[in-house]
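Here's a quick briefing to read with the model open beside you.

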Amino acid sequence: MDSSQADAYLQRIGAERPAVPDAAGLRELHLRHQLAVPFENLSIHLGQDIVLTEPALFEKVVTDRRGGFCYELNGAFGALLRSLGYGVELLAARVYGKDGRLGPPYDHLALRVRTADGETWLADVGFGRHSHFPLRYAERGEQGDPGGVFRIADADADADADADADAHSDAGDLVVVRDGEPQYLLERRPRLLADFEATCWWQRTSPVSHFRTSLICSRLTPEGRATLSGRTLVLTASGTREERELPDAEAVLAAYRTHFSLDLPREPAVTPPTPPAA
């Protein structure tokens with residue numbers, strides 16, 4: 001990403017270029033990104049391709065002013081940070097499901113970021129409802145955040161890492177915990193963006209993938225969060241939750257424009273997976 005592209009990206013998220021790539025600048029960029037760019041899987045349900053290259057991610061997030069899911073959002077954000085002078089490594093993770101089981105390898109992409117002031121952070125703008133600010137990577141105690149109380153724990157030493165994590169983790173893996181609940185099992189080994197392509201394809205096509213079988217669009221707001229799932233719009237502000245069902249496609253498209261600044265060609269809709277040929 002060149003300097004002019006970085007400027008366009010910063011304009012997209014309403015942020016100033018940090019004078020130096022330090023922790024304060026990273027915190028501001030991390031928050032601004034989540035306030036501006038929604039977490040969404042709409043491309044899957046609009047028949048649009050998802051290409052995991054930095055030029056394609058820039059085109060989608062900045063030029064087309066769209067959002068995306070973890071591979072896209074953290075992939076694009078990592079490229080921005082790198083262009084601003086931060087040290088960035090892509091890390092693979094496996095997400096805990098509601099039943100406590102782990103998703104497939106490369107289920108999630110997060111960022112390990114080194115700043116000019118010698119600190120290392122876990123940055124993640126692609127996990128939906130998560131920390132507003134980056135987490136201290138080496139800290140093993142609780143870390144307070146507007147999004148909850150977080151902890152990064154060693155998987156083989158943490159009581160909250162269940163047997164499924166123990167059975168599938170390599171030595172040195174980390175568990176990211178939010179409000180006492182494990183969120184994902186994080187590798188320490190750096191990866192390439194291309195390493196995530198196979199699981200990204202699985203997320204888009206598998207009949208058991210959450211992203212393939214549901215619609216989600218969610219964005220942090222200064223007051224709380226806006227989430228549109230199918231035709232259900234949920235707005236939270238200052239601890240108050242409002243939920244309403246939208247009556248038709250016109251109202252849905254208007255909600256995407258109003259709450260997420262997304263101008264979509266049509267209403268996204270989940271279609272049943274094509275059964276395998278006999």
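In what sense do strand S12 and S13 pair, and over how many bridges? They pair in the antiparallel sense, over six bridges, with S12 covering residues 232–237. Keep in mind that this is a predicted model.

- S12 and S13 sit in an open sheet of five strands, ordered S1-S10-S11-S12-S13, and the pairing is antiparallel.
- At the edges you'll find strand S1 (39–40) and strand S13 (240–245), each of which pairs on one side only.
- Strand S11 (residues 224–229) also pairs with S12 in the antiparallel sense, again over six bridges.
- On the S13 side, Val-234 stands opposite Glu-243, and Leu-233 stands opposite Arg-244.

**The two hairpins**

- S11 and S12 make a hairpin with two residues between the strands, and Gly-230 there takes a positive phi near 65 degrees.
- S12 and S13 make a hairpin as well, with two residues between them.
- In the turn of that S12 and S13 hairpin, Ser-238 has a positive phi of about 50 degrees.

**Aromatic rings**

- The count of aromatic pairs comes to seven.
- One of them is Phe-39 with Phe-211, a tilted pair at 6.2 Å centre to centre and 55 degrees between the planes.
- That pair links distant parts of the chain: Phe-39 is in strand S1 and Phe-211 is in helix H8 (residues 210–213), 172 residues apart.
- Both Phe-39 and Phe-211 are buried.
- Tyr-106 and Phe-196 have ring centres 5.4 Å apart and planes at 85 degrees, so this pair is edge-to-face.
- Tyr-106 and Phe-196 link distant parts of the chain too, 90 residues apart. Tyr-106 is in the loop between strand S2 (87–95) and strand S3 (108–114), while Phe-196 is in the loop between strand S9 (181–191) and helix H7 (197–205).
- Phe-196 counts as buried because its relative accessibility is 0%.
- Zoom out a bit and ring pairs link Phe-39, Phe-69, Tyr-71, Tyr-106, Phe-196 and Phe-211 into a cluster.
- For a ring with a charge over it, go to Phe-133: the charged end of Arg-27 sits over this ring, 4.0 Å from its centre.

**Pocket and cavity**

- The largest pocket holds about 1400 Å³ of space.
- It is lined by 46 residues, and the closest to its centre are Val-95, Phe-127, Arg-129, Gln-183 and His-210.
- At least two lining residues of the largest pocket come from each of S9, H7, H8, strand S10 (217–220), S11 and S12.
- S11 gives the most to that lining, with four residues.
- The structure also holds one cavity of 30 Å³ or more, and the largest cavity has about 60 Å³ of space.
- Residues lining the largest cavity include Gln-34, Val-37, Pro-38, Val-125, Gly-128 and Arg-225. Phe-39, from the tilted ring pair, is also in the lining of the largest cavity.
- S10 gives the most to the lining of the largest cavity, with three residues.

- Is His-33 buried or exposed? His-33 counts as buried because its relative accessibility is 0%.
- You'll find His-33 in helix H2 (residues 23–36).
- Leaving aside neighbours within four places in sequence, His-33 is in contact with Tyr-9, Ile-13, Leu-73, Phe-77 and Val-125.
- Ser-261 lies in the segment after helix H9 (249–260), and at 55% relative accessibility it counts as exposed.
- Setting aside neighbours within four places in sequence, Ser-261 is in contact with Arg-65 and Tyr-256.

Conventions:
Residues numbered from 1 in each chain as written. Predicted model: local features only at pLDDT ≥ 70, side-chain atom pairs only at ≥ 80, totals over all residues. Heavy atoms only, no water. Pairing = 2+ DSSP bridges. Phe/Tyr/Trp six-rings, centres within 6.5 Å; stacked < 30°, edge-to-face > 60°. Buried < 20%, exposed > 50% of the residue type's maximum accessible area, 1.4 Å probe, protein only. Lys NZ or Arg CZ within 6 Å of the ring centre and 35° of its normal. Contact = heavy atoms within 4.5 Å. 1 Å grid on protein atoms, 1.4 Å probe; cavity = no way out; pocket = protein on both sides within 12 Å on 5 of 7 lines; lining within 4 Å. Points joined across faces, edges and corners; volume = space filled by probe spheres on them.
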